Amino acid sequence: MNETSDIHSKATKGAYILIISVTKPSVVNVGQLGELQLLPGLYLYVGSALGMGSTSLQHRLARHQLKTKCMKKHWHIDFITTLPYAKIPYIVVIETSRRLECLLSKHIAQLDGIRCPLKGFGSSDCSQCETHFYSYAKNIEQAVGLKLAIISC
Ligand SMILES: [Zn+2]
């Protein structure tokens with residue numbers, strides 16, 4: 001397993017899939033959406049960053065990996081990435097200047113082993129997807145392999 005993952009790619013614009021590993025049961029209170037119950041296992045979060053500077057892909061991915069608990073929760077996913085029992089072992093990065101996140105999210109929703117743990121999570125400004133956050137009942141190698149499946153589709 002290449003631990004450095006795609007995070008060190010030089011891409012400044014793109015879509016990405018955070019592969020999140022939760023190691024202990026956790027309950028997250030996500031404001032208006034209610035409670036999200038997380039069981040140990042893998043979760044996938046789809047996003048994109050197409051800007052420059054603070055809205056660039058590199059800046060966004062670095063932010064997702066911050067563990068600062070006092071960080072202002074700007075996105076739903078911040079509630080999860082700052083959990084003590086959540087790690088991001090891998091990030092799949094797809095370099096693109098097109099807004100591909102919903103296409104990716106719809107593709108992921110069709111996969112075997114995918115479930116939507118909380119409707120609306122990560123997709124409040126999206127009219128097409130039920131969620132941008134999924135639980136994935138597979139192992140890390142299968143999650144990393146999603147990139148090939150996505151690129152070839
Ligand atoms: Zn969407």
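**Close-up views of a predicted model**

The model is predicted, with local features requiring pLDDT of at least 70 and side-chain atom pairs counting only at pLDDT 80 or more, whereas totals for chains, interfaces and linings use all residues. Residues are numbered from 1 along each chain as its sequence is written.

**View 1. Overall arrangement of the chain.** The secondary structure comprises five helices and seven strands (DSSP runs, H or I of at least four residues for helices and E of at least two for strands, numbered from the N terminus). Their order along the sequence is β-β-β-β-α-α-β-α-β-β-α-α. The radius of gyration is 14 Å, close to the 15 Å given by the globule rule for 153 residues, so the chain is as compact as a globular protein of that length (radius taken over C-alpha atoms; rule, 2.2 Å times the number of residues to the power 0.38). Along its principal axes the C-alpha trace spans about 35 × 35 × 35 Å. Of the contacts between residues at least 6 apart in sequence, 68% join residues at least 24 apart (contact: C-beta atoms, placed from the backbone, within 7 Å).

**View 2. The largest nonpolar core.** This core holds 30 residues, and I17, I19, L44 and Y45 have the most contacts inside it (a nonpolar core is a set of buried Ala, Val, Leu, Ile, Met, Phe, Trp, Tyr and Cys residues joined through C-beta atoms within 7 Å). Two or more core residues come from each of β1 (14–22), β4 (41–49), α1 (57–64), β5 (86–95), α3 (101–109) and β7 (133–136). Not counting residues up to four places away in sequence, I17 touches L44, Y45, V46, I91, V92, L104 and L146.

View 3. Strands β2 (residues 26–29) and β3 (residues 35–38) run antiparallel and are joined by four bridges (pairing requires at least two DSSP bridges). N29 stands opposite E35 in β3. Five residues lie between the two strands of the hairpin, and G31 in the turn has a positive phi of about 45°.

**View 4. Surroundings of D78.** D78 lies in helix α2 (residues 78–81). This residue is partly exposed, because 17 other C-beta atoms lie within 10 Å. Leaving aside neighbours within four places in sequence, D78 is in contact with M71 and K73. Q65 is 13 residues from D78 in sequence and 9.5 Å away in space, C-alpha to C-alpha.

Conventions
Buried ≥ 20, exposed ≤ 12 C-beta atoms within 10 Å, placed from the backbone. Contact = placed C-beta atoms within 7 Å.
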